[in-house]
Amino acid sequence: MEATSYVEDEITKGTKNIVLDTQDLKDPMVNGKTLKERFELIRSVGEECIQEDELWQLLCKRQTSEIICYDGFEPSGRMHIAQGIQKAINVNKLTSAGCTFKFWIADWFAQLNNKLGGDLKKIQTVGEYFIQVWKACGMDMTRVEFLWASEEINRKPNEYWMRVMDIARVNKLPRIVRCSQIMGRNDTDELSAAQIFYPCMQCADIFFLKADICQLGMDQRKVNMLAREYCDDMKPKRKFKPIILSHHMLPGLKQGQEKMSKSDPDSAIFMEDSEQDVNRKIKRAFCPPEQIHGNPCLEYVQYLILERNGEFSVDRSEENGGPVTYRSVVQLHEDYQSGKLHPSDLKPALAKSINALLEPVRRHFEEDKDAKALLEKVRKYRATR
């Protein structure tokens with residue numbers, strides 16, 4: 001369902017699920033945006049929204065009060081462009097719509113998942129590196145908070161662990177096991193105690209942070225749905241369930257890779273990759289002529305370049321059609337599918353655009369002494385793993 005048509009329908013017809021009173025309809029401007037504009041901007045972040053009517057209701061009821069969005073991340077390894085550029089794009093949309101975004105730096109979770117050998121000090125150093133990357137790549141920090149799980153849980157241990165235990169108490173074991181994929185595990189992995197404990201904790205995070213909107217990737221959908229289901233088991237029941245706004249997962253650069261993989265360095269572009277690295281990876285990327293579906297290069301243009309810049313320029317020779325600038329993914333797809341735009345022209349343009357997005361990050365880690373020292377530490381951790 002298109003966001004615009006949904007809002008227009010709600011405004012003109014009303015709905016059996018939402019009752020708008022006269023106060024709701026005053027529609028005060030927030031950050032220079034109307035209620036409808038805020039809804040459309042927030043909704044544009046998600047490939048899926050559960051539920052649109054609840055998002056509309058939330059905005060109507062909390063027009064001038066804080067709306068909290070959250071995402072949690074394990075500080076481990078390198079940050080790729082989906083975690084960096086795409087996340088910054090989504091966060092900037094949400095904060096410009098008047099939301100507060102809380103990053104849950106899941107250091108204890110990374111330790112539980114045995115990242116970096118379970119060394120908490122190393123995990124926290126990588127967390128600091130992640131924050132530096134986001135600051136350098138254009139994330140607006142005005143309404144952004146970074147919260148360390150280890151610190152926040154220790155501040156209110158009774159509140160947190162009672163919630164974790166209650167979630168575990170009301171759910172059957174198979175339901176929790178189905179959420180184990182949130183740890184990057186699958187059904188073929190040997191089951192560990194962490195795979196039981198971890199989903200209960202992540203579900204508890206949502207209530208502990210008082211999150212109105214869970215803004216994570218589609219790969220985290222199962223545990224977010226667990227949180228919505230748990231609202232019916234709470235005493236008293238929670239009337240307003242957290243809204244799930246799941247963003248699109250960028251694929252890897254190789255054929256058939258539905259998700260970027262840190263374990264395969266050539267399948268992803270990382271935030272501190274050199275210009276040469278980017279050029280090499282894009283040159284080798286899967287990009288069959290006239291094929292739109294399953295084409296990672298086209299997805300990167302759509303979800304990174306067009307979203308961030310609003311346009312994508314391709315410098316072609318006159319015999320191949322001359323220079324062209326795309327401002328619409330529809331036109332991009334039409335030209336590519338018809339053969340007007342060839343991979344040999346698309347790829348260099350994509351590499352150039354990605355390098356432009358990464359250049360501020362490279363400069364930051366070269367020119368800022370503290371950031372540079374931080375990156376050197378993180379690189380040593382990778383070399384000794």
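**Close-up 1. A charged pair one turn apart in helix 7.** Glu152 and Arg155 sit 3 residues apart in helix 7 (residues 149–155), so about one helical turn separates them. Their side chains meet in a salt bridge, at 2.5 Å from N to O. Side chains of opposite charge can pair like this when their charged atoms come close. Across the whole structure there are 20 salt bridges.

**Close-up 2. Helix 8 packing against helix 10.** Now for a pair of helices in this predicted model. Two packed helices are described by the angle between their axes and the distance between the axes. Here helix 8 (residues 157–170) and helix 10 (residues 194–208) pack at about 125 degrees, and their axes lie 8 Å apart. That angle makes helix 8 oblique to helix 10. As for handedness, the two cross in a right-handed way.

**Close-up 3. Who touches whom between helix 8 and helix 10.** On the helix 8 side, the contact is made by Glu159, Tyr160, Trp161, Arg163, Val164, Ile167 and Ala168. Helix 10 answers with Phe197, Cys200, Met201, Cys203, Ala204, Asp205, Phe207 and Phe208. Sorted by class, the contact has 12 nonpolar and 3 charged residues, with no polar ones.

Close-up 4. The protein chain has a mean pLDDT of 89, and 90% of its residues come in at 70 or more. Residues 1–24 are another story, with pLDDT below 50. Even so, that stretch has 33 contacts in the model beyond near neighbours in sequence.

How values were computed
Residues numbered from 1 in each chain as written. Predicted model: local features only at pLDDT ≥ 70, side-chain atom pairs only at ≥ 80, totals over all residues. Heavy atoms only, no water. pLDDT = per-residue confidence, 0-100. Contact = heavy atoms within 4.5 Å. Axes fitted to C-alpha atoms, helices over the stretch in contact; angles between N-to-C directions. Helix = DSSP H or I, 4+ residues; strand = E, 2+ residues; numbered from the N terminus. Parallel < 35°, antiparallel > 145°, perpendicular 65-115°, else oblique. Left-handed = near helix turned anticlockwise from the far one by under 90°. Nonpolar A, V, L, I, M, F, W, Y, C, P; charged D, E, K, R; others polar. Salt bridge = Lys/Arg side-chain N within 4 Å of Asp/Glu carboxyl O.
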